[in-house]
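Visitor: I would like to know how the labels used for a model like this one are reached. Please give me the rule each time, and then the value.

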Amino acid sequence: MLKFLKQVSDYTKETFQAAKYIGQGLSVTFDHMRRRPVTVLYPYEKLIPSERYRGRIHFEFDKCISCEVCVRVCPINLPVVDWEFNKETKKKKLKHYSIDFGVCIFCANCVEYCPTNCLSATEEYELAAYDRHDLNYDNVAMGRLPYKVTNDPMVTPLRELAYLPKGINDPHNLPEGSVRAGKRPEELLEKMEK
Ligand code: SF4
Ligand code: SF4
């Protein structure tokens, strides 16, 4: 008899607990029902990446001195710098440069430490490919400049969260002349230098 009563008590406890969890889950759902949708209709609409976005890396072949600093600072030693020694000029001559963006973690360490600034992080994030080997970009592919979202006539550019006015998180139908809540990086730099 006692065993039966314990079973009933456990069952009741579990039922109440399950009802509590279902209630918690539904409270989140109902909370979202009161909010306006902020869905971006990609690829017809695209968000403008923030100024410090670390996207696909751009490479300038002529500036590279084959020092391999980018390889040493990369957490996974990813950049491949193929060079030969020119006996006449007694300098390294770059032959090929490549980064496999299928492996890269976009930390931009290589960009930070390159002594000649021949690497830069672009705002390109659309790198999907059918074959992962296509993501291994050589110096020609890395030398291509990305097409800006704001220059694409087929796309409606929308302000990313960092560019929205205070208290607004929907980038659609913003009032004319509305200004962003935060400061631009150059404004922050100016303030720090003062
Ligand atoms: S750090 Fe810069 S200059 Fe040096 S090998 Fe890498 S890309 Fe070239
Ligand atoms: S972004 Fe980071 S992971 Fe990618 S190549 Fe540069 S240092 Fe390596």
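Visitor: Into which classes do the residues of the shell around ligand 2 divide?

Guide: Twelve are nonpolar, one is polar and none is charged. Ala, Val, Leu, Ile, Met, Phe, Trp, Tyr, Cys and Pro count as nonpolar, Asp, Glu, Lys and Arg as charged, and the others, Gly among them, as polar. The model is predicted, so local features need pLDDT of at least 70 and side-chain atom pairs count only at pLDDT 80 or more, while totals for chains, interfaces and linings use all residues. Residues are numbered from 1 along each chain as its sequence is written, and chains are lettered from A and ligands numbered from 1 in the order in which they are written.

Visitor: Which residues come nearest to ligand 2?

Guide: Cys 74, Cys 104, Cys 107, Asn 109 and Cys 110, out of 13 residues around the ligand. A residue is near a molecule or strand if its C-beta atom, placed from the backbone, lies within 6 Å of it.

Visitor: What is the shell around ligand 1 made of, by class?

Guide: Ten nonpolar residues, two polar and one charged. Ligand 1 also has 13 residues around it, and Cys 64, Cys 67, Val 69, Cys 70 and Cys 114 come nearest.

Visitor: Which residues does the UniProt annotation "binding site" cover?

Guide: The unreviewed UniProt entry gives Cys 74, Cys 104, Cys 107 and Cys 110. They gather at one spot, because no two of their C-alpha atoms are more than 10.8 Å apart although they span 37 residues in sequence. UniProt positions are given in the numbering used here, feature names are shortened, and annotations may be inferred rather than shown by experiment.

Visitor: Why is Cys 104 called buried?

Guide: A residue is buried if 20 or more other C-beta atoms lie within 10 Å of its own, exposed if 12 or fewer, and partly exposed in between, with C-beta atoms placed from the backbone. Cys 104 has 21 such neighbours, so it counts as buried. It sits in the loop between strand E4 (91-100) and helix H3 (109-113). Helices (H or I, at least four residues) and strands (E, at least two) are DSSP runs, numbered from the N terminus.

Visitor: Why is Cys 74 called partly exposed?

Guide: Its count is 18 other C-beta atoms within 10 Å, so the label is partly exposed. Cys 74 belongs to the loop between helix H2 (69-73) and strand E3 (80-86). Its contacts, leaving aside neighbours within four places in sequence, are Pro 79, Asn 109 and Cys 110. Two residues are in contact if their C-beta atoms, placed from the backbone, lie within 7 Å.

Visitor: What makes Pro 115 exposed?

Guide: Pro 115 has 10 other C-beta atoms within 10 Å, so it is exposed. It still touches Cys 67 and Val 69, not counting residues up to four places away in sequence.

Visitor: How do E3 and E4 pair?

Guide: They pair in the antiparallel sense over seven bridges. Strands pair if DSSP finds at least two bridges between them. One bridge partner of Trp 83 is Leu 94 in E4. E3 and E4 form a hairpin with four residues between them, and Lys 90 in the turn has a positive phi of about 55°. Three bridges also join E4 to strand E6 (residues 136-138), again antiparallel.

Visitor: How do you know that the protein is more spread out than a compact globule?

Guide: The protein comes to five helices and seven strands. Its radius of gyration is 26 Å, well over the 16 Å that the globule rule gives for 194 residues, so it is more spread out than a compact globule. The radius is taken over C-alpha atoms, and the rule is 2.2 Å times the number of residues to the power 0.38. Along the principal axes, the C-alpha atoms fill a box of roughly 100 × 55 × 45 Å. Buried residues make up 10% of the 194.
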